Amino acid sequence: MPYQPRMLLGNINVFSIPYVVYDLGIICIASLIWFSFNFIIKYTKIGKLLLSVINDREMSSALGINVNKFFIYTFTFGCLLGCLGGAVSAPMISVVPGIGVEVIVLAFAVVVTGGLGSVTGAAIGALFIGLARTIAIFYAPQLELFIVFFVMAIILSFKPEGLFGSKEVRKI
Amino acid sequence: MRDLFNNEKLILIIFLFSFIGFWFVLPDYAINTITLSFCNGLVVLGLLLLMRLGLVSFGHGMYYCLGGYAVAMTYNFLQIKEVFFLVAFAILTGFIVSFLLGFFVRRFRGIFFAMLNLALSMILFGIIVKSVSLGSTDGFGIKDLTYLSYTIEDQKRLNIFSYILIVVFTVLMMLFVMNFLRSPSGKMLEAIRENEIRSAYLGISINKQIHKVYIFSSTLAALGGGLMVILIGHITPEDTAYWTKSGEFVFVAILSGSLNVFAPLIGSLFFEFIRSYALFYFPNTWQMIIGIVLILGILYLPEGIGSIFNKRKK
């Protein structure tokens, strides 16, 4: 047996279906991050400042917010989450150079489906896309190539701003 | 001297004749790379039009693919060998498909526009790959062509006829785009990019303009695909409709910027030559070279390669 870090934690029976504990752990990590990000953005001072920077960069800087600092911090946090995603999924997939190329397109699809700027949207969008792909592979494998984008196109044609995106107010 | 540089049409004529002249000077491999980058340059020219509107499409490979398949399938199924008919079919296909899809796409902006185009191109890719009658992953090949019913004996893909055909078509399209950007409707593009609502109040029909530009740019991409098939003689879905090809076009479009119509062609030439030489000298790390080139490009030429020729008038 090769070394398989994913199996180290063993299996567990959920409703008499065997499940890998590690996968459940990933779900826990994801919900933890979802919860903490929602909390930070909605209920702390930093989150509110961040929202103001996103909405109007010039006005925020006029009000005394260090916009550049926010850009650097936000970018750093984004990269950090990307790293975390790669790290926790590495034991489940085969890691090759260029692995990010496939992921980035799926990530864009998820973000667009969920709606820009919404943490919940990203979570729900990821569920939608992931489930659609799995169902397609199971029932109609020939659709697997484009089902992700097909689902995205259908959702966007009914809700042009994504599932949880707010209608953008255009400036005059 | 400055007037000379401002006269874009004169530069275009010099451009045309110097590239026709290159046929007699440069070695075959360089001519091949030039011709291929002209085909790709047409797609980037289409992206330039969208960039003037402030839109980026991650799915222009779809029209590249459609144009190519229009040529290859007309050749194989209808046995038409006349080059001008084949090119006309490519243009017609690009026009009809983009006209229909435009009604759907024109409502979206920003990343939604980009991703929707990507989705459409991936759907086309899936359809082609999974249907045997469309050639599946093998695609189609074409053989001998006739140029105005003149057949060349012992035909190579790259001959003086196909070269001049591609160069002349490219320059013609550059002229069209140049004239379009100077016309009132071309000037509207920047107004729409800067402020949509205000332009709407000034009486511009935004959706109609976007639809028009979308058709124009997609038709250019389809023409590029059609010419590519005439040059290479073969088309597969992976090299055209898959999103990495579209990403490459966007890469070149960002590298070349949207200041003038020469930028996409020069950028495309630059990219193809960099890639060929990087592949030749650094076969294992050529992606790194291309990445470094893009970073340097963004750092030192933030408005793209086009800003070498004309500084934007403030």
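Chain A of this predicted model contains 7 helices and 2 strands. Read from the N terminus, the order of its elements is β-β-α-α-α-α-α-α-α. The C-alpha trace of chain A extends over about 60 × 35 × 35 Å along its principal axes.

Chain A meets chain B in an interface. To this contact chain A contributes 22 residues and chain B contributes 23 residues. The size of an interface is often expressed as the accessible area that is lost when the parts come together. Between chain A and chain B, about 2,100 Å² is buried, and carbon and sulfur atoms give 81% of that area. The number of salt bridges found across the interface of chain A and chain B is 0.

Within chain B, a pair of helices may be examined in more detail. Two packed helices are described by the angle between their axes and by the distance between those axes. Helix 4 of chain B (residues 61–78) packs against helix 10 of chain B (residues 206–232) at an angle of about 50 degrees, and their axes lie 6 Å apart. Angles of 65 to 115 degrees count as roughly perpendicular and those under 35 degrees as roughly parallel; helix 4 and helix 10 of chain B are therefore oblique to each other. The crossing of helix 4 of chain B with helix 10 of chain B is right-handed.

Residues from both helices make this contact. Helix 4 of chain B supplies, among them, B:Gly67, B:Gly68 and B:Val71, while helix 10 of chain B supplies residues including B:Gly224, B:Gly225 and B:Met228. The residues of this contact between helix 4 and helix 10 of chain B comprise 11 nonpolar, 6 polar and no charged.

Conventions
Residues numbered from 1 in each chain as written. Chains lettered and ligands numbered in written order. Predicted model: local features only at pLDDT ≥ 70, side-chain atom pairs only at ≥ 80, totals over all residues. Heavy atoms only, no water. Axes fitted to C-alpha atoms, helices over the stretch in contact; angles between N-to-C directions. Helix = DSSP H or I, 4+ residues; strand = E, 2+ residues; numbered from the N terminus. Parallel < 35°, antiparallel > 145°, perpendicular 65-115°, else oblique. Left-handed = near helix turned anticlockwise from the far one by under 90°. Contact = heavy atoms within 4.5 Å. Nonpolar A, V, L, I, M, F, W, Y, C, P; charged D, E, K, R; others polar. Buried area = accessible area lost by both parts, 1.4 Å probe. Salt bridge = Lys/Arg side-chain N within 4 Å of Asp/Glu carboxyl O.
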